[in-house]
Amino acid sequence: MSRLTDDPQKREINNKRHFSFRLNLFFFIVFGLFSVLIIQLAILQFVEGPTLSAAGSKKSTRNVKIAPIRGNIYDSEGKAIAYSTSTQSLYFSIPPNYKTEELKKLATEEATRLVEVFDKYGDPALKMTVEDVIMQMDLGFRLNTISTPRRIKTGLTNEEIAYFLGNKSSFVGLDIMEESVRHYSQDTTAVQLVGYLKKYKGVRENLDFYGEKAQEKDPQLQYLEDEEVGFDGLELLYQDILRGKNGLKSYPVNNQEVIVGPVQITNPEKGDDLYLTINRGVQQTTEQAIMDQIKKISTSSISAERAPYAKIGFAVAMEVETGKVIAMASMPDYDPNIWAGGSISQKDYDNIENVVNNGTITEIYPKYDSDEERKSHPSSLVPPGSTLKPLSVLIGLNEGLFTTESIYNDTGLFTFGKAGHEVPIRNAGGHVYGALDPAKAIEKSSNPFMAAMIGSRLNQKYPGIEGIDIWDKYMKEFGLGVSTESGLRMEKKGSVDYYHEFETASAQSALIRASFGQQARYTALQLAQYVTMLANHGKRMKPQFVNEIKDSEGNVVQAFEPVVLNTVEFPDAYWKEIEKGMGKVGVQGFDGVSYTFNRKTGTAQSSVKGRTADNGVFIAYAPADKPKLAVAVIMPDGGFGGWAAAPVARKIFDAYDYEIGLNGVPGKAKDAVASTDTNAAGTEATVQ
């Protein structure tokens, strides 16, 4: 057997057979691999080819963004408040590797030459000095990093542009850029409401809104580093609408970044325009009325009127059925054109720091030389004081604490607390009012009535924290202690103290003090929303600042409708009871008005360092029978509300009546008809 197996001839035949099998197997595997490769190539070419081709094309396309022109903001009559123009601006970039002394010398030399060019070829209205130019160069890096181009001058004339382009090599670090420049009306209409712009690169880290924009993938929506964007007010609230879309210069490149095809241009899309609810006539009257009143009460010789610390004032006028804000004034104000270029110097900011924010929605203080002195005065958030008493009476009636026929004997004093440690609650001026029903308690502004009939009784009905929660629920339903839903940046919900009083004193103390308007502080917009609810019997209206949005062609893109945030239902008898009282409240400055109105004065006290400040507060709506407009005025450190705040409200109502009409017909329309009739009569007399 072993001999047969070891036969060389048979072994060779066997080896040849195995080799042939392996060779055939190798060719079969190679054939299979080539088949798979051919199939894959076919799939790539015919199935995935279009997709991969598009992706490859996209990768080889470069986009250069062209900034859009920002939309405009108009008042209710279509007159511009904020608008943008395209202009040519001169920028200076600090050269690298310059030492400080060399840089100062260069800046002085360049500034001197630039001023000569500006004087010879520029607009005389935009005249600059050498010092102005050097300040704009920002050599101390107050506003910019070293790599950021500094805007020297905007609004270049054609002659200036031609000169700089023709002599560019003789200047260091200068460049001309086309850009959109934001302008604001010189009459500073509603400046804090409208807001202002800042550079995108300077705010993206500060506001989450812009932080999210940094993730944008669409090149038409991506922000440019030096683009000016809304930072406050309506400029921020409607940023997406006002901005528009980038234009694009798109060109194909190869892997060497060499342009290999024609450039395609997508034009920028101008932002849409806002048409506000703000009536310029009413707004300017409101602003001037506040400033006039501050001057009057701070220098008055009448002891009841004099308020030497009065420096700031705030007012909001809101339509009762629509929620449209007709006027919103935070005074003093400032010229927002100071933000031109998206940044200002520290010195300029220091001058406007106390007025740049909107005091009708947030907390601001009057300007004083030191922070210590500033805190010795009340802010724009003050207690509602007696202006809350109509709501207190509604709560008492609705909770069954008394009826519209109930009588309380006001002796001028109500006390609460443990025997020997009684806390007195008195009327202002020590007045004694005698028998009071709820309406008369509002008319006379009785503190003892509110304390005894509402605060104390509510505490008895709902002992402990339950009573505080009940009170808080009513406050929030009327927009006090919650957001007005305005959407404006930095809006405060107010400051509630009655829970703190409950924890540190007692529920009884918290409710009694809250019943006549202490234990909380609210904004002017919150008080306006609250008085609007008193006027329309329980509908909390969302503040509306925009009537409609139009595109650049004038087509309406979006119209706004009234929004009711929540409703409160009380029997008609309860509303009539508070109206009866509000219609008889004594007030200054409304002599001879041609319309009926319901109102409530308030003198809200704030504890500030070393003293108690009296803040003038006033709410009202008119006409009394068919309310059209509601107004809230706050005069911190202004003294009695009837003296300090009511006269401002009178001027607001009169302005609205003239511009729009409390009874449906604007006073200016009546004047126009009367003028036409007079002219016609004069013409007829001449003909005869």
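These questions and answers cover a predicted model of a single chain.

Q: How many helices and strands are in the chain?
A: The chain has 688 residues, and 47% of them are buried. Its secondary structure comprises 25 helices and 25 strands.

Q: What share of the contacts with a separation of 6 or more comes from residues 24 or more positions apart?
A: Contact here means heavy atoms within 4.5 Å. Among contacts in the chain with a separation of 6 or more, the share from residues 24 or more positions apart is 71%.

Q: Is Asn598 buried or exposed?
A: Asn598 sits in strand E23, residues 598–608. Its relative accessibility is 5%. Buried means under 20%, so Asn598 counts as buried.

Q: Which side chain makes a polar contact with that of Asn598?
A: Beyond four places in sequence, Asn598 touches several residues, including Glu579, Met582, Ile619 and Tyr621. The polar contact spans 2.9 Å between side chains, and the partner of Asn598 is Tyr621.

Q: Why does Ser445 count as buried?
A: Ser445 lies in the loop between helix H16 (438–444) and helix H17 (447–461). Ser445 is not a glycine, yet its phi is positive, about 60°. The cut-off for buried is under 20% relative accessible area. Ser445 is buried because its relative accessible area is 18%.

Q: What is the phi of Gln519?
A: Gln519 is in the loop between helix H20 (507–515) and strand E18 (520–521). At 14% relative accessibility, Gln519 is buried. Gln519 is a residue other than glycine with a positive phi, near 70°.

Q: What accessible area does the nonpolar surface patch of Leu25, Phe28, Ile29 and Leu33 have together?
A: Leu25 lies in helix H2, residues 8–46. At 41% relative accessibility, Leu25 counts as partly exposed. Together with Phe28, Ile29 and Leu33, Leu25 forms a nonpolar surface patch with an accessible area of about 430 Å².

Note on methods
Residues are numbered from 1 along each chain as its sequence is written. This is a predicted model: local features need pLDDT of at least 70, side-chain atom pairs count only at pLDDT 80 or more; totals for chains, interfaces and linings use all residues. Side-chain values use heavy atoms; hydrogens and water are left out. Helices (H or I, at least four residues) and strands (E, at least two) are DSSP runs, numbered from the N terminus. Buried means under 20% relative accessible area, exposed over 50%, partly exposed in between (1.4 Å probe, protein chains only). A polar contact is a pair of N or O atoms within 3.5 Å; within protein, one must be able to donate a hydrogen and the other to accept it, and residues adjacent in sequence count only if both atoms are side-chain atoms. Patches are made of residues with over 30% relative accessible area and no salt bridge: like charges are joined within 9 Å, nonpolar side chains (Val, Leu, Ile, Met, Phe, Trp, Tyr) within 5 Å. Accessible areas come from the Shrake-Rupley method with a 1.4 Å probe; for residues, only the protein chains shown count as cover. A salt bridge is a side-chain nitrogen of Lys or Arg within 4 Å of a carboxyl oxygen of Asp or Glu.
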